[in-house]
Amino acid sequence: MYEYQKLIERIHVPEGLNQRVLAKAREGRPRRSGRALVRGAVCAACALVMVLGTAVPRRGGKTPGAVTCEFGLAASAADTEEVNGGVALRWVDGGGRFRVTGAGLETVSLAADRGTLCRDGQVLGGSVTEAFDPGAIYSLSPPEGEDMDSLEGAALTLSAVFSDGGSGAETYRLTAENLRSFQNENGATVLVPALSGDDRGDIPGLYAVGTESRWLCWPVAGSATVSLSHPFGFSPEGTSFHTGIDIPGEQGLTITAAAGGTVTKTGFDAQRGNYLILDHGGGLTTLYGQCRELLAAEGDSVEAGQAIALLGSTGMSTGPHLHFEVREEGEAQNPVAYFSSGIRDTLRAE
């Protein structure tokens, strides 16, 4: 509440707004609590902030006393989007290409601890600070005489200054990857790292991952295979969108929680068989389907790596496997992007 109070003190509120908000909140709601009225006033203040064109930053820090906007790296193609804080840098003409995106940006600074930065074909060196240009296409190339793999583990830092005086910074860690293109549930084209054995993952590039990424533990002890017959997004003859990945294994293998959280739902249906859903907070949930047996009940709190079910072949299944889903704010995400490069290197699609 203190942070909201400081925010409100910095905003010019039109005369009488607070009284009108409180009067409206009371209208027809005689039993509403004082806490609910405060909540209504806070929501109104937040709405005013949006009208004034400001937003709380999602990345980096900010200058005290200033309200800054969301910013970050983006893929060079306009039709791609971020997955789990990771941005795919498609490899073109010997470099990984990307853009800088954000609202209210005034100047941007880029610095790489390895390789050479370019903008629209112009060599910039290891760092650059310049006026923000939303149409600029940047690239990061390896040191002379070296290939894409030499940028494995490199750090790329983006700093930004906003027109309101605020500032922020984010450092991305790079991995050299073969990328795979697919369409998400909303029809947008997305690139994520491909697994070994996936012959459709034939796009060379870098994968830049920011500090906000939320990494999951692999959920099936004793199986490191992802089924190629039903990858994320697969739609057999256009009949349905596959909202997860299938991890085949032997009946009875232990299924563990991919992260700590609370079991919010368990049940059985004809498609998912025995399943449970874990809520990890912050809008992130995971689903475990086709289980032979559930070992956790609704309301249970579990830790990452804790046994929650046994692998089986219930529901719509042609063989024992785990149907594993990751969702952000209810929207299905490609689970592959939620495992670190160290885990991805141990997995194979077949």
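Ala, Val, Leu, Ile, Met, Phe, Trp, Tyr, Cys and Pro count here as nonpolar, Asp, Glu, Lys and Arg as charged, and the others, Gly among them, as polar. By that scheme, the lining of the largest cavity has 12 nonpolar, 2 polar and 2 charged residues. The model is a predicted one, in which local features need pLDDT of at least 70 and side-chain atom pairs count only at pLDDT 80 or more, while totals for chains, interfaces and linings use all residues. Residues are numbered from 1 along each chain as its sequence is written, and side-chain values use heavy atoms, with hydrogens and water left out.

A cavity is a set of points, on a 1 Å grid over the protein atoms alone, where a 1.4 Å probe fits but cannot get out, and its lining residues have an atom within 4 Å of a point. Searching the whole structure gives 2 cavities of 30 Å³ or more, and the largest cavity has a volume of about 170 Å³, a volume being the space filled by probe spheres set on grid points that are joined across faces, edges and corners. Its lining comprises 16 residues, of which Arg180, Asp198, Pro231, Asn334 and Val336 lie nearest the centre. Strand 10 (167-183) and strand 11 (189-193) are the elements that give two or more residues to this lining, where strands are DSSP runs (E, at least two residues) numbered from the N terminus.

The aromatic side chains come next. Rings of Phe, Tyr and Trp (its six-membered ring) pair if their centres lie within 6.5 Å, and planes under 30 degrees apart count as stacked, over 60 as edge-to-face and the rest as tilted. The structure holds 5 aromatic pairs, among them the stacked pair of phenylalanine 98 and tyrosine 138, at 5.8 Å centre to centre with 20° between the planes. Because phenylalanine 98 belongs to strand 3 (residues 95-102) and tyrosine 138 to strand 8 (residues 138-141), the pair ties together parts that are 40 residues apart in sequence. Both phenylalanine 98 and tyrosine 138 are buried (under 20% relative accessible area, with exposed over 50% and partly exposed in between, for a 1.4 Å probe and protein chains only). Elsewhere, ring pairs link Trp218, Tyr288, Phe324 and Phe339 into a cluster.

Two loop residues concern the backbone. Aspartate 93, in the loop between strand 2 (86-92) and strand 3, has a positive phi near 50° and is exposed, with a relative accessible area of 80%. Aspartate 120, in the loop between strand 5 (116-119) and strand 6 (122-125), likewise has a positive phi near 50° and is exposed at 52%.

Key: 1 Å grid on protein atoms, 1.4 Å probe; cavity = no way out; pocket = protein on both sides within 12 Å on 5 of 7 lines; lining within 4 Å. Helix = DSSP H or I, 4+ residues; strand = E, 2+ residues; numbered from the N terminus.
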